[in-house]
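Hi,

Here is the structure I promised to pass on.

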Amino acid sequence: MIIFKGAAVRAEHPATRQILEPLNLTLAEDRISIIGANGSGKSTLLKLINSLVLPTSGQVLVNGLDTARKGSSVRRAVGFMFTDPLSQLIMPTGREDVELSLRRRHRNAEERRSAAEKVLDRFGLVHLADQSVYDLSGGERQLLALAVVLATEPEVLLADEPTTLLDLRNEERVRRMFRGLEQQVVFTTHSLDFALQADRTLVIDGGRVVFDGKPTEAVAAYRRLSVRDVAHEEPRR
Amino acid sequence: MRGHASLLGAYVERNSLLHAAPLWAKFMPVATLSVLVLMLNSPFATLVGLGLVVLGYLVGARLTLRELVQPLLRMWPLILILGAFQWFRSGPETAFTVVGNIAVCVLAALLVTLTTQSQRLLDGLVFLARPLRPLGVDPERLGLTIALMLRSIPYLVGAAEDSRDAARARGLERNPRALILPVFIGAVAYAHQTGEALAARGLADSDDDG
């Protein structure tokens, strides 16, 4: 369970800029989607959950652990998937990257190699395991990034716009993978179809949660908000 | 970033004697050869060193001639300037020895990285760093740091090539700012990105919270 207790984030420069207004939320559902415009604070909210960003005030608790005080333990329990898999994949090949994830869990090289093989097999990536990550397609990279994160069997998976860079076919692949996961999954997305697959949806606007509820209602609220904002823009000459 | 940016000095999959050999069995001869050619400092020793390295690439590691020559092609401005300077200052024999010794050391070192998967390299570095544990050094973290440093070199070479192409496309190939600034900004962004990726996977953390 993820609990936000008045958690807020203020920019360092200028210090007056509030990135996220104080949040009070309890996230207990299996699938939670977060939607909102670019720069609205979606990614910051996600990064608060695995302490990649710390709240400047308030508290975030993940399964009872305070992200500010128990950062290492929180990160071990919470996996994070980046929008661009190349930001996530550190090693030259998929096999080596999965092995890197498993270094803490398996100190013995042989055990680690065997565990990595099992992870790659589970995700159907064995045939791509020894190729350079730069030679893989966008979808293959994203599946590999998912395998790399899930190799450590986190309790919670966070995904920051995991399908933004993918074509429709690969987006569907990732969505299917998400459906089959045992973990609690919290993801941000610009794909409203994807957002509708969740049990609960948050709409973020200007660092505030402006809607929190059923995905169908949240998507409708987000559409209204976007239409209203564009209508208020001054027409260009 | 272009794909080839990751390939300079990165592991190349082959079924060879050197690929199958343990890390220490590759590292020791490479270190010995490099030290010997530098100590002996003679054209004959350099020639023998070059011969051994070529043999190592083509027979020991079953790499191609292209994979052997590629690192030297990337270093050609340095080789040219250094060779010309030494020729002018001390004659052709010294020029051959100096340039040849550099080629032997670089190619021999690359032979280790080209035939060793980065995880095996990391295991080796962690093993070598273990005696430093009483001094408060975390071997796993030190090994990871060195492995990431090695991994970042080809990335930066690729970034420099991308930057050169971009400058050329805009007719700015003689503008140092257009050549250097994007590489510098890219390097900082790459470091930040890698740090965030490591932190997100808990690899930058110590075993316990404060």
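**Where the two chains meet**

Seven salt bridges cross the interface of chain A and chain B, a salt bridge being a side-chain nitrogen of Lys or Arg within 4 Å of a carboxyl oxygen of Asp or Glu. In one salt bridge, A:R103 pairs with B:E140 through their side chains, at 2.3 Å from N to O.

Before you read on: this is a predicted model, where local features need pLDDT of at least 70 and side-chain atom pairs count only at pLDDT 80 or more, while totals for chains, interfaces and linings use all residues. Residues are numbered from 1 along each chain as its sequence is written, chains are lettered from A and ligands numbered from 1 in the order in which they are written, and side-chain values use heavy atoms, leaving out hydrogens and water.

Back to the interface: 35 residues of chain A are in contact with 33 residues of chain B (contact means heavy atoms within 4.5 Å). The chains bury about 3100 Å² between them, with 45% of that from carbon and sulfur atoms (buried area is the accessible area, with a 1.4 Å probe, that two parts lose on being put together, summed over both). A:I90, A:R103 and A:Y134 give 24% of what chain A buries against chain B, more than any other three residues.

As for chain A itself, its C-alpha atoms fill a box of roughly 60 × 40 × 35 Å along the principal axes. Of its 237 residues, 55% are buried, meaning under 20% relative accessible area (1.4 Å probe, protein chains only).

Cheers!

Definitions and conventions. Buried means under 20% relative accessible area, exposed over 50%, partly exposed in between (1.4 Å probe, protein chains only).
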